[in-house]
Amino acid sequence: MNLNPLSKSMALVAFFACFTQISNAKEPFTCPKAEEIIEEAIRAQKFPGAVLLVLNQGVVYRKAFGNKQLQPEKQPMTVATIFDCASLTKPVATTTCIFHLWEQGKLQLTDPVAKYWPEIAANGKEKLTIAHLLQHRSGLIADNSLADYAGGKEAALRKIAALPLRTPLGEKMVYSDVGFIVLGHLVERLSGKNLADYFQKTVAQPLKLENTHFLVPENLRVQCAPTAQRNQQWIRGEVHDPRAWAMGGIAGHAGLFSTADDMATFVQAIFTGKILKSTTWEAMLEPKSQVFGRAYGWDVSSAYSSQSGTAFEKKSGFGHTGFTGTSIWVDRPTKSAVILLTNRVHMPQSGSINTVRAEVATEIAKTIKQMSK
């Protein structure tokens, strides 16, 4: 093909412009030390596999490690694997839904829960507020007896409403699944929808979180990472937590399933003020007490925030973990996040992976700081 002089000149300009863009592009994000930590944890049988995703002004890294399933046969981990998020349900789903209702003026955080659920005033809980629950300062027991859930959701809620306080209201932080079960029920009372439907309508659908559900659709279960066994069958696409399972898979403390990419989209919504107003996200995430180290729904600097590592500034970040092996830590100043999803409970003798989470986050933070110089 023959080009006239003008065409040749334009072609050269386009070529050099493309070359300049490539040469000026940032180096790809790599963190070999973090990868080594995850691979060593897999060799040590702390979890069968993992997905690590890093945000830094957008997604800069995602990688799958190991296997998502070992039993009854091995299946490789992929970045599209759907995980049982366990307690990530608390901040991502339940807290977000509470603040969506708050934005609409349907509740105040200082409201007594009994204003909307009169039965819960029993046994000294008449002054229990929504804020107490969001900060784990409700005085409620961490987990009540599994026997209380034997009759299903409605019977379990009646048992919870009758519980006494274990510690004085507001004086001590006791991380409580029961408190978030109460919050999940409150969402249902105020919205007229179950928690799963309200979350889909207000969060998952607007953000197009197509792989994020409480009750995983049958066609997506093949993507799920199995957890443990129940009734001699591997749990796959059904909630691992026994109380959430007894309540039909939808509860304020556990039950959400998601992928690393969907969790990244959710975190980016916080940065950009989607779903909720930026001022609402700020109200949620501002630390409420240096003593207890909690924001509303999220951890900031308590004993439960070890997944932040040592190189991120704790007071400028927030995060949460899940019992099944999931975790998120977000660093607000750099608009960064470390999302590490595993199914550690799939291992025969699963143990704590707090050290792994912390070491990975530390190395990621060091790399982000180095790249920003």
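Predicted model: local features only at pLDDT ≥ 70, side-chain atom pairs only at ≥ 80, totals over all residues.
Me: What volume does the largest pocket have?

Reply: First the idea: on a 1 Å grid over the protein atoms alone, a cavity is a set of points where a 1.4 Å probe fits but cannot get out, whereas a pocket is an open set with protein on both sides within 12 Å along at least five of seven lines. A volume is the space filled by probe spheres set on the points, and grid points are joined across faces, edges and corners. Here the largest pocket has a volume of about 580 Å³.

Me: How many residues line the largest pocket, and which lie nearest its centre?

Reply: Lining residues have an atom within 4 Å of a point. In this model there are 30 of them, and Ser87, Tyr175, Thr321, Gly322 and Phe323 lie nearest the centre of the largest pocket. For classes, Ala, Val, Leu, Ile, Met, Phe, Trp, Tyr, Cys and Pro count as nonpolar, Asp, Glu, Lys and Arg as charged, and the others, Gly among them, as polar. On that scheme the lining has 9 nonpolar, 11 polar and 10 charged residues.

Me: Which element gives the most to the lining of the largest pocket?

Reply: Helices (H or I, at least four residues) and strands (E, at least two) are DSSP runs, numbered from the N terminus. Strand 8 gives the most, with 3 residues. Helix 8 (242–246), strand 8 (317–322) and helix 11 (354–371) each supply at least two residues of the lining.

Me: How many residues does helix 7 have, and where does helix 7 bend?

Reply: The expected span of a helix is 1.5 Å times one less than its number of residues. Helix 7 (residues 195–207) has 13 residues and reaches 17 Å from its first C-alpha to its last, close to the 18 Å expected. The bend at a residue is the angle between axes fitted to the seven residues ending there and the seven starting there. Helix 7 bends by about 40 degrees at lysine 201.

Me: Which residues of helix 7 are buried, and what covers them?

Reply: Buried means under 20% relative accessible area, exposed over 50%, and partly exposed in between (1.4 Å probe, protein chains only). Contact means heavy atoms within 4.5 Å. The buried residues of helix 7 are Leu195, Ala196, Tyr198, Phe199, Gln200, Thr202, Val203, Ala204 and Leu207. Their cover includes helix 3 (89–103), helix 6 (177–191) and helix 9 (260–272). Leucine 207 has a relative accessible area of 12%. Not counting residues up to four places away in sequence, leucine 207 touches Thr265, Phe266, Ala269, Lys274 and Ile275.

Me: Where does valine 187 lie, and is valine 187 buried or exposed?

Reply: Valine 187 is in helix 6, and counts as buried because its relative accessibility is 0%. Leaving out residues up to four places away in sequence, the residues that valine 187 touches include Leu195 and Tyr198.

Me: How should I read distance along the chain against distance in space?

Reply: Look at both values for a pair. The C-alpha atoms of tyrosine 116 and leucine 186 are 70 residues apart along the chain and separated by 7.3 Å. Tyrosine 116 touches Leu186, among others. Histidine 346 and arginine 294 are 52 residues apart in sequence and 30 Å apart in space, C-alpha to C-alpha.

Me: Which residues have a positive phi without being glycine?

Reply: Glutamine 45 is one, with phi near 60 degrees. Glutamine 45 is found in the loop between helix 2 (32–43) and strand 1 (49–56), and is exposed, with a relative accessible area of 54%. Lysine 335 also has a positive phi, of about 50 degrees. Lysine 335 is in the loop between strand 9 (326–331) and strand 10 (336–342), and is partly exposed at 36%.

Me: Which residues does a cis peptide bond join here?

Reply: Glutamine 71 and proline 72, with omega about 0 degrees. Proline 72 is in the loop between strand 2 (59–69) and strand 3 (75–76).

How values were computed
Residues numbered from 1 in each chain as written. Heavy atoms only, no water.
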